[in-house]
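Here is a short report for a reader new to this structure. The sequence and the model come first.

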Amino acid sequence: MEAYLDNSATTRCYEEVRDVVVKTMMEDYGNPSAMHLKGVEAENYVKEAKNAIAATLKVAAKEIFFTSGGTESDNWALIGTAMANKRSGNHIITTAIEHSAVSAPLKYLEEQGFEITRLSVDNQGVIRLEELEETIRPETILVSTMYVNNEIGAVEPVEKIAAIIHQKNPKTLYHVDAIQGYGKYQIYPNKVGIDMLSVSGHKIHGPKGVGFLYVRNGVKITPMILGGGQQMGMRSGTDNVPGIAGLGVAAKQIYQDFKAKNEKLYELKGYFIEELQKIENVHIHGMSAEEGAPHIISAAFVGVRSEVLLHTLEDRGIFVSAGSACSTHKRTPSATMMAIRADQELRESTVRFSFSEFTTKEELDYTLEVLKEVLPMLRKFSRK
Amino acid sequence: MFKAFLIKYAEIGIKGKNRHLFEDALVKQIRHALKRVQGEFEVTKEQGRIYVNCLSEYDYDETVESLKKVFGIAGICPVVIVEDEGFEKLCEDVLDYLKEVYPTKPATFKVHSRRARKNYPKESMQINCDLGEKILETFPEMHVDVHNPELLLQVEIRSKIYIYSKIIPGPGGMPVGTNGKAMLLLSGGIDSPVAAYMIAKRGVKIDAVYFHAPPYTSERAKQKVVDLAKIVSRYCGPIHLHVINFTDIQLYIYEKCPHEELTIIMRRYMMKIAEHIAKETDCLGLITGESIGQVASQTLQSLAATNEVCTLPVYRPVIGFDKQEIVDIAEKIDTYETSILPFEDCCTIFVAKHPVTKPSLKIIKRSETHLEEKIDELVKTALETKEVIIARED
């Protein structure tokens, strides 16, 4: 049996996504910028995808810009707005638990002279609103937070964050990295007060190499990829039609029967956590099952190195990811694990299980069965 | 402009009666190396020289790069071939050659001609003088120095005329396959691929063994070792890589023996297994990337303790090298980048914080008696379940 429990790394495509990708590669393969019929056909796919995505967010289609994925969306949102708004100020606020697609460009901006404040989080991975409020200044141009943390599934209170930001400084922009949140939460940027939102295609059963950035109409942002002037000059480069068409189909489909899918995910999550806790010396990181994201469980199996457990499970056809990166040469503990102040013992034994709508109870039962079987053996051979 | 390469070889020239064997091996290795290069080539052996004739359009840089990887080649001379249309025409050709190949002229030169075709109207001394005169006339900035010239212009009169002067250094050594075969213990680190390169350079064919310990070492770690073997195979030809699943043996030692002796005992079993496969596959020795004192298992005492289990000679070509010296070679042969790739390696959980650095053979052997019950069976299973991967650059 195979159990794919690494859906926060990537997901399997919907069959409908595959079909539209093939169609736009083999039949309607024109360049949307071309003036002839083939171009018009291709352009229609892009328009349709844009409309479908805009509908899920209840925003205007012209506020959606396609990118090469989550990392580009984050980079562009941060560097693009920092460049466009540097006359208004040089202060940017973020959190200590961001994905490197956010933390690395911010590090770059720091080297360029911007001042970056990184908000701490509590042991559940949630920022403190008072700290945010105190930190916002007249020269704060941008706040960037995650929606859902990719490692422990912590959910940030984006609505409250947005309210505080806009009340404290109306000029401050709010960017949300929703790469783990889109498709799992109904997000309405206009209502919430989100100015920019990053999304990746392959986390929602779409293709890899495509994503989008929602940019509220009126936000000042500099384009970072210059060239033929596609996407109103904001993001040049021939449209990735197969990717965009696939992303559009995926966005539409992931929000179909949203409520039922979400309930099922929470049900599976609750069940899995309950069963895990029956095993000796297991620690679940982050928020309670109901408060946290529906698809992410981060668990430490004390006494077993995460990579060893990962490879053991892999051998049985179970795919998970390891909590912290480890190599012979250097061991860098994850920023999130450090920020929630997890002990080294927990950090080094943490494994992430992440679900999707394709995840079944059978997969979870199989995983639990294998865990119960291998853990005693692995614990026997832990470091002396 | 170059239509051929003259291949210079140093050491194999002195191998007496076996010389033709070495030459034939070199020709074979050159043909093999050129298979992957775009173009049509003919490799010939005549009058104690090896020529690579380029029969079609070809990629010069790629050709030279490939030849530079063939052990046994001391130098590669790109040759211009011209028709014999009288001495006047030859003078013109030589001057054209100099103009093209040397945009800035060397200060001193010497002409050295060989009249392989004896019915050529001028003797070689005469050719040297007359050509030299023409060169002096045309390029007054150049001077003759017959003892230590910057430019040694070689002109060979055969059915056609061969002109060359540049010597691109080759890797030296001896053609692979002329000195038998040896078994490398390949780890994925920096040292063992370098050790393989150095032994292969002396004409030795290489096979390798890798100890895989899933789930403690990952699939990627194994893939990295395969990639390293592929890079080394550019120099020594296809490598048979024997992958041994070592997990059960490792766990058994971990369970039964003192923790600080684990690495030494493990390495003793690795050597035993490697030697077993070596003997089965006609290898005449083992190769390791050990260097004295680099880690606890590479002190003289430790090396003696691991060496004790084998009867085949163990070759350790980097034994006296500092790390940086090994890194320099690894960079030259292009294995360094792959060797330092970080990947999850969880073998560290077995490593003692303070392993023995001066193991006593007596104590080690006593510890090994705790393994008697199951170890032979485990080694047998490991050998029976080994996987063989043929690593070659496609």
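Predicted model: local features only at pLDDT ≥ 70, side-chain atom pairs only at ≥ 80, totals over all residues.

Residues are numbered from 1 along each chain as its sequence is written, chains are lettered from A and ligands numbered from 1 in the order in which they are written, and side-chain values use heavy atoms, without hydrogens and water.

The model has ipTM 0.80 and pTM 0.86.

Chain B holds an open sheet of six strands with mixed pairing, in the order E14-E13-E10-E11-E12-E15. Its edge strands, E14 (314–315) and E15 (387–391), each pair on one side only. Strands are DSSP runs (E) of at least two residues and helices (H or I) of at least four, numbered from the N terminus; two strands pair if DSSP finds at least two bridges between them. E11 (205–212) and E12 (239–245) of chain B are parallel, with five bridges; B:Ala208 has B:Leu241 in E12(B) as its bridge partner.

Most residues other than glycine have a negative phi, and most peptide bonds are trans. Two exceptions are tabulated.

| Feature | Value | Loop |
|---|---|---|
| A:Lys58, positive phi | about 55 degrees | between H2 (37–57) and E2 (64–67) of chain A |
| B:Pro214 and B:Pro215, cis peptide bond | omega about 0 degrees | B:Pro215: between E11 and H6 (219–236) of chain B |
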